[in-house]
Amino acid sequence: MSVPLLDVNAQNLPLETELQAAFNRVLQHGRFIMGPEMEVFEKEVAAMVGVKHALAVSSGTDALLLALMALDIQPGDEVLCPAFTFFATAGAVSRLGAVPVFTDICPVCFNLDVNDARAKITPKTKAIIPVHLFGQSADMDPILALAAEKGLKVIEDGAQAIGALYKGRACGAMGDFGTYSFFPSKNLGGFGDGGMLVTNDDALAEFAKVLRVHGSKPKYYHHYVGGNFRMDTIQCALLSVKLKHYADYTTQRQTNAAHYTEALSQLSGVVQANPAHCKCLSSQDAWLAANNARIVLPVGYEHNTHIWNQYTLRVIGAGQRDSLRDHLQKAGIGCEIYYPLTLDQQPCFAHLPAASLTGCEVSHRMAEEVLSLPIYGELTEAQRNEVISAIGEWLKLG
Ligand SMILES: *Cc1c(COP(=O)(O)O)cnc(C)c1O
């Protein structure tokens with residue numbers, strides 16, 4: 001039996017009738033740009049995450065770009081973001097001529113290390129973009145405190161974390177702006193590209209709305225240069241159908257993660273990451289060596305509600321991660337390396353000042369060790385067991 005990394009049909013086809021009805025509604029009224037379904041979907045998302053304003057936009061990438069534009073990030077401004085994230089987090093900064101400054105991460109949750117962020121602040125630093133990677137919140141209280149102390153704007157990149165919580169607060173709702181993505185592999189996966197920008201600030205929401213339509217207000221009068229950052233009415237209508245089932249999708253992923261953790265932690269050589277090693281790679285290294293750990297399972301901090309966009313192992317030892325990946329692929333099991341290069345290692349950022357690119361050792365290590373397993377909600381118990389036994393076989397190979 002093969003186990004794909006993701007099976008979008010398993011989630012979408014059971015909703016075929018409802019989706020086709022939504023499609024037909026839009027087809028009939030014909031208001032394809034900013035039609036009524038857009039506002040409906042925006043209100044639904046705003047209610048779900050508990051924010052005042054939600055703006056449907058063309059992608060998670062454009063949500064980041066629009067947030068930075070609305071916060072008036074200028075060429076030469078510095079913006080802190082983690083070195084270990086999807087490219088878009090920093091790409092949006094660079095596209096405005098601003099300078100991404102890469103911070104290192106915590107080896108337990110893979111998220112931005114606030115101590116390193118503090119050390120990299122300069123008079124040019126204007127904003128910080130914590131990413132809630134793999135579906136788990138970054139440690140927001142110290143990040144928000146640092147931002148308040150230094151006068152930085154906060155954009156939460158919640159592309160992988162819509163519905164995740166930090167101490168009961170929604171990821172995306174804590175900063176000046178939060179962004180989400182509906183790329184098909186995200187937890188609320190759409191039917192093409194789409195994203196959402198959220199904020200509790202009335203003035204920022206209004207400005208972002210204007211920038212979403214080329215900075216035009218009223219129509220054809222431009223006080224600002226914006227862009228076309230709109231999400232299609234059809235995409236909004238279809239996503240509204242899926243949003244009604246979103247709580248179930250999250251529960252399924254959480255069930256899968258719990259099952260993996262329970263079964264895999266019984267194998268010799270496997271440990272679960274220890275929250276006591278938060279932000280401290282050296283203490284973690286010592287502990288892993290003492291336990292002869294070959295695979296480290298992911299963990300959610302107690303104060304977080306993890307929504308498991310990815311279930312990401314660390315495979316310890318030179319070449320070991322690639323060996324496990326090859327083994328799983330030969331067994332027909334989908335797996336992926338998120339991410340094989342950190343952002344400070346990307347060729348397109350090689351020209352950045354050295355200060356942007358230093359001190360990301362934890363990130364580099366993670367890029368060598370991580371491997372994500374199939375975790376989508378519709379994964380069956382038999383499929384999960386297949387993954388678990390393939391990992392067990394690999395461990396026995398020595
Ligand atoms: C997917 C993703 C994005 C970009 O979202 P798109 O909708 O694909 O443009 C940004 N940041 C992170 C962390 C992501 O995972």
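A disulfide is a pair of cysteine sulfur atoms within 2.5 Å. The views below show a predicted model, in which local features need pLDDT of at least 70, side-chain atom pairs count only at pLDDT 80 or more, and totals for chains, interfaces and linings use all residues. Residues are numbered from 1 along each chain as its sequence is written, and side-chain values use heavy atoms, with hydrogens and water left out.

View A. The whole structure contains zero disulfides.

**View B. Surroundings of Lys-186.** The unreviewed UniProt entry places an "active site" at Lys-186; such annotations may be inferred rather than shown by experiment. Lys-186 lies in the loop between β8 (177-181) and β9 (195-199), where strands are DSSP runs (E) of at least two residues, numbered from the N terminus. Lys-186 is buried, with a relative accessible area of 14%. Its contacts (heavy atoms within 4.5 Å) include Ser-181, Arg-253 and Asn-309, not counting residues up to four places away in sequence.

Notes: Helix = DSSP H or I, 4+ residues; strand = E, 2+ residues; numbered from the N terminus. Buried < 20%, exposed > 50% of the residue type's maximum accessible area, 1.4 Å probe, protein only.
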